[in-house]
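Open the model in your viewer and keep the sequence panel beside it. This tour moves from one selection to the next and says what is there.

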Amino acid sequence: REVSVQQAFLKSQIDAIPCPVAQTMAVIGDAWTTLILRDAIRGVTKFDEFQQSTRASRAILSDRLAHLVRHGVFERVQYETHPPRYEYRLTRRGEALKPVLMLMADWAETHLPVKVHNWRPRHTECGHRFRPVLACSECGEAIKPGTVAYDRPPPLPQRERA
């Protein structure tokens, strides 16, 4: 089913927009989901731990965890049978979001009046705290503002311009 960009925005069907940023936001783009991912990256796996850290309602947390499982970001693994209890573990797809959240946190610490600066990660190989750096996959140079250009996407077909 084809949906115009305008229709997608109006109907909150961001996942129908043919854009990688929109597609990513459809999976991780709300605040509760981002906080859940923050905690998962820090090692949280259990529902009650997510709830305590995020302070989300049980209904919101249950909805967002199910969403992340559906999108392959988490896998749900039973760790107790009576009563049944589950852990939410990052999949490879979820692990791949770690640098994204590290860059988001670094951006906030650099550009916003963040009150607590405790996100700074530690590199396990050398033991140093570090700032994440985005680098070119081809030459290895650090990506800095003003050093990236994007090819213009092809125009949308007439019926999608609506």
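**Stop 1**

Select Pro83, which sits in the loop between strand S1 (74-80) and strand S2 (85-90). Strands here are DSSP runs (E, at least two residues) and helices are DSSP runs too (H or I, at least four), numbered from the N terminus. Now show the backbone from His82 to Pro83: this peptide bond is cis, with omega near -10°. Most peptide bonds are trans.

Before going on, note that this is a predicted model, where local features need pLDDT of at least 70 and side-chain atom pairs count only at pLDDT 80 or more, while totals for chains, interfaces and linings use all residues. Residues are numbered from 1 along each chain as its sequence is written, and side-chain values use heavy atoms, with hydrogens and water left out.

**Stop 2: the whole chain**

Zoom out. The chain has 8 helices and 2 strands. In sequence order the pattern is α-α-α-α-α-β-β-α-α-α.

How much of the chain counts as buried? The share is 27% of the 162 residues. (Buried means under 20% relative accessible area, exposed over 50%, and partly exposed in between, with a 1.4 Å probe and protein chains only.) The accessible surface comes to about 12000 Å², and 55% of that belongs to carbon and sulfur atoms. (Areas come from the Shrake-Rupley method with a 1.4 Å probe; for residues, only the protein chains shown count as cover.)

Contact means heavy atoms within 4.5 Å. Among contacts between residues at least 6 apart in sequence, 36% join residues at least 24 apart.

**Stop 3: H3 against H5**

Select helix H3 (residues 31-41) and helix H5 (residues 58-70). They pack at an angle of about 75°, with axes 10 Å apart. (Axes are lines fitted to C-alpha atoms, for helices over the stretch in contact; angles run from 0 to 180 degrees between N-to-C directions.) H3 is therefore roughly perpendicular to H5. (Angles of 65 to 115 degrees count as roughly perpendicular.)

Show side chains. H3 brings Trp32, Thr33, Ile36 and Leu37; H5 brings Ile60, Leu61, Arg64, Leu65 and Leu68. By class, that is 7 nonpolar, 1 polar and 1 charged residues. (Ala, Val, Leu, Ile, Met, Phe, Trp, Tyr, Cys and Pro count as nonpolar; Asp, Glu, Lys and Arg as charged; the others, Gly among them, as polar.)

**Stop 4: H3 against H7**

Thr34, Leu37, Arg38 and Ile41 of H3 meet Lys98, Leu101 and Met104 of H7. This contact has 4 nonpolar, 1 polar and 2 charged residues.

**Stop 5: two loop residues**

Go to Arg55, in the loop between helix H4 (47-54) and H5. Is it buried or exposed? Arg55 counts as exposed because its relative accessibility is 72%. Check its backbone too: phi is near 65°, a positive value in a residue other than glycine.

Finish at Leu134, in the loop between helix H7 (98-111) and helix H8 (158-161). Leaving aside neighbours within four places in sequence, Leu134 contacts Glu141, Ala142 and Ile143.

Key
Angles under 35 degrees count as roughly parallel, over 145 as roughly antiparallel, 65 to 115 as roughly perpendicular and the rest as oblique.
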